[in-house]
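Me: I'm new to reading protein models. Can we go through this one together in questions and answers?

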Amino acid sequence: MTDGAALLARLEAGPTRAWIDAAPADEIRAGLDAAADPADALTALARFVEAAPSPPPRGLVAPLLRLLGGSPTLAAALVAEGRGWPALLDAVFDVACRDTAAHRAALETAGMAGPLPRVELHAGLRRYRRREFLRIGGRDLLGLASVEETVRELSALAEAIVDAAAHAARARLAAEWGDDWAGERPGRFVVLGMGKLGGGELNYSSDVDLVYVYERDGTDARGRTNREFFARLGEEVTRALGDVTADGFCFRVDLRLRPGGGEGPLAVSLPATVSYYEAFGQMWERAVWLKARPVGGDRDLGLALLAELHPFVYRRYLDFGTIEDLQAMKERIDASLRDPAARARDVKLGRGGIREVEFVVQAQQLVHGGKDPRVQERSTLGALARLSACGYVAAETAAALGDAYRFLRDVEHKLQIVHERQTHRVPSDGPALTALARRLGFRGSDAVARFEATHARHTAVVREAFAALFHGAAEARRRERDPAIDALLETLDDPEATHTHLARLGFADPTTARGDLRLLHDGPPHAPASARRRAALAALAPALLAEVGRSAAPDHVLRHLATFFSTVGARTSYLHLLLENPGVMRLLVRLFATSGFLSAFFLRHPELLDSLVRADLVQIVRSRGGMAEELGARLAAAPDLEAALDTLRRFRNEEFLRIGVHDIQDKLGAEEVTAQLTWLAETCLEAALAIARREVLARTGLPPEPSTAGLAVLGMGTLGAGELTYNSDLDLIFVYDAGDAAWWAGRATPHEFFTRIAQRTISALQTPTREGIAYRIDTRLRPSGNQGSLVCSFEAFEAYHRSSAQLWERQALVKARVVAGPPELAARLEDVRTRFVYGRGLDSDERVAIARMRERIERERGGERGTVANIKTGRGGLVDVEFLVQALQLTHGHDHPLVRSRDTGGALAALAAAGLLDAGEARALRDAWTFLRALERRLRLERDQPEEMLDPEHGGLVVLARSLGYSGSDDEAVAALLADHARHRDAVRVVYDRRLGAAAT
């Protein structure tokens, strides 16, 4: 390329020389130095001076030369305007952006509306498009617009032109054919933009991918069908956009993405479109419809269609088979680029190119979008940002991919802006490559080298992310293959050899394990494995069995896995999920190995495997408000009561699994687990109360706001103390304030009204539905117990505890807390509770009564025999600690308000701080309480019931000991666990007897 100064020196006298001499010399030099090709700038200027005999004002000369030397297409557009070119050049600087509405208004002002003749419509659209192309391309070339702004501007322009073409063509066709089609109003028609147009990320030479859809089929009085009418309309729109005339064309149109592809009808009715995708829709078509949006005609019809197709595009479960299908698509693309140089230099389809970024983003959207609407975004950069914000793509990876995508799109633009051709190939010859580098802003003698290095860096980032998504899991599985497991899989038809291999891998019962392995491999007899399922399992089996063999209970894990995959039947997508997520596979094995309770729960709800994928992505600790907000949003979308109850249970199940999974992974501490379980219960309880209130109001016909302070729910026991654990019942008391008695005259009595709400609240929580139950409810701690009314008024509650309540009820209220209901009533109830519980101390007879009550519980419910211990009600168990702490609180709480803590751990700390327990006693009780609570929690996780018994003969103690962190051999781990338990229970009983137990003797 010849230097600009040298070109000027050789320029002969004439109009071009005169023009240059009349312009500011510094701007001439600056413009040529910045131009991608100074020779092209001067060549274009020679054609331009006829329409512009004088240079533009100072400040515009350099940009004009840079534009003329950067794009022959833009130069030709400027020349075509003749003496009107200054206004177009001014627009490059003065009009930063126009949205679709602005373009439509401008087109209407230009007369592009109504039943225009075809020639007039075509000419007007092309002139408008040429001028706007100059403005948008000029801003891009001069560095006045970002990549995002450029694609948004091009998309808005295309959308407006498509819409104008659709309305004008319909108006003309309706005038010719009539527009009354088998109904009370004309049938609606929409043009859907697909691909880059749908995503709002069009480039200079993109085809516009369109789909034409009309509302309904029908026939007019003359026998002409809607299908004929709208097919003709589609033809007219296509011609208005794509026909080449003396003014050029607007956009090349591609209609192959319509239902049936190139063989399908040009325009398709909405019902036929939906039916096609329900019956024949393929994975690649799901990816296509990710970006679809209405761009012309009736937008509401387009939105209705997208709503109908939403379940097809975004599946409700996580389908990692999508990744495999997308990978196959990409391999076909790679095969089409047979030339290795083409693969390296094609910025769209080549290695590390634009398409690989799009595939990474679309794969994650298709996998997660059905479960997480937050990632349902059409644009690539927008979707990438959402995937990062929601935790599906690491922030660093998302930022690097975003930068690479912007750079590659910029390269694509600068390639296509030259001659407006559909090219994506980075040139290999010197002059063209240098011009591209300069067009992209690289200057100096090393411009090409710096461009090539930047290009290589960005494509490497893309390729790495693409490979990690599509090949990473497979590579990890290949590295971890165990020859012993390969041998096992090869001998499944040989029972003796299989038993030998299974025994070597640590299975205690090889015969049963072989049966489970065959069930896992072949599927159940009623649903034998498909070829695709067998292939997926063959790829997964080595890594899966290796993980099973390393677990604490291989036999249990294999049994659960066989049950799980038999339960899900043909859902091969779950196998793909594990294939693509080794971490989830390991987590599933650990869950099956360490928690019979979660395993049984999970096997009842296999669809929650989707949630495990996000287990390390969602917040480990969720706020109370966050839970309530999400559940409220889900319930608001439920169409009826049955759906609301299922939604409530599904939310509880998902959150329960989240907490349990993080617990067994030791990501949550003991206090965090109980807090999370407590907040979850409170959230579900409040939601159930709201559901019940709405139902009762609807049935009774009462106004939405009865004149009452409302209904409060007291949480007792572990719920009130914020110490809820797995499989806990919710102990509840319902108290209401009727408010103005006169308001209720002629209506249901307050007691009847609030009883119905309480009954429906309980029903909303514990009535089984297809999603199971939410919580079991226990109301036996209410005033007068089972003999009392389900609800009581505030006045009755206060009077009962003032005059009739027994000592055990006073003790029970130590942990009581209002967990749902109006704040004013909650405050009044708290005042009553405080006065009743802490209004006085304990006398000696009451201390004896508490100690004897504890003796009776140990005798009747301890259930201890021989070496079998009850960690809760047995000697030195949790109840010893609770009774002692509560007795001390009742004794001293009147004088020491700080010891009135509801939770046992907090009360122990407060009693020690007040000097009511010495430091050694408090430490012994606190350590034992922490140990026993952890033991209780792990027992409940391990077994599918509220387990309290610690049996040394139970084989599950090995798993229990491992889950609590004990090391060494199996026998050593169990022995250490039992020794710690014996030590803690002895320490508790020593303090208990000294402080309380002696009172009973």
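Reply: Helices here are DSSP runs of H or I with at least four residues, numbered from the N terminus. This is a predicted model, where local features need pLDDT of at least 70, side-chain atom pairs count only at pLDDT 80 or more, and totals for chains, interfaces and linings use all residues. Residues are numbered from 1 along each chain as its sequence is written, and side-chain values use heavy atoms, leaving out hydrogens and water.

Me: How far apart are the end C-alpha atoms of H44?

Reply: The expected span is 1.5 Å times one less than the number of residues. For the 24 residues of H44 (919–942) that gives 34 Å, and the model agrees: the end C-alpha atoms are apart by 34 Å.

Me: Is H9 largely enclosed or open, and how many of its residues are buried?

Reply: H9 covers residues 118–141. The rest of the structure largely encloses H9, because the number of its 24 residues that are buried is 18.

Me: What word describes how H26 sits relative to H27?

Reply: Helix H26 (residues 510–522) and helix H27 (residues 531–550) pack at about 140 degrees, with axes 9 Å apart. Angles under 35 degrees count as roughly parallel, over 145 as roughly antiparallel, 65 to 115 as roughly perpendicular, and the rest as oblique. So H26 is, relative to H27, oblique.

Key: Helices (H or I, at least four residues) and strands (E, at least two) are DSSP runs, numbered from the N terminus. Buried means under 20% relative accessible area, exposed over 50%, partly exposed in between (1.4 Å probe, protein chains only). Axes are lines fitted to C-alpha atoms, for helices over the stretch in contact, and angles run from 0 to 180 degrees between N-to-C directions.
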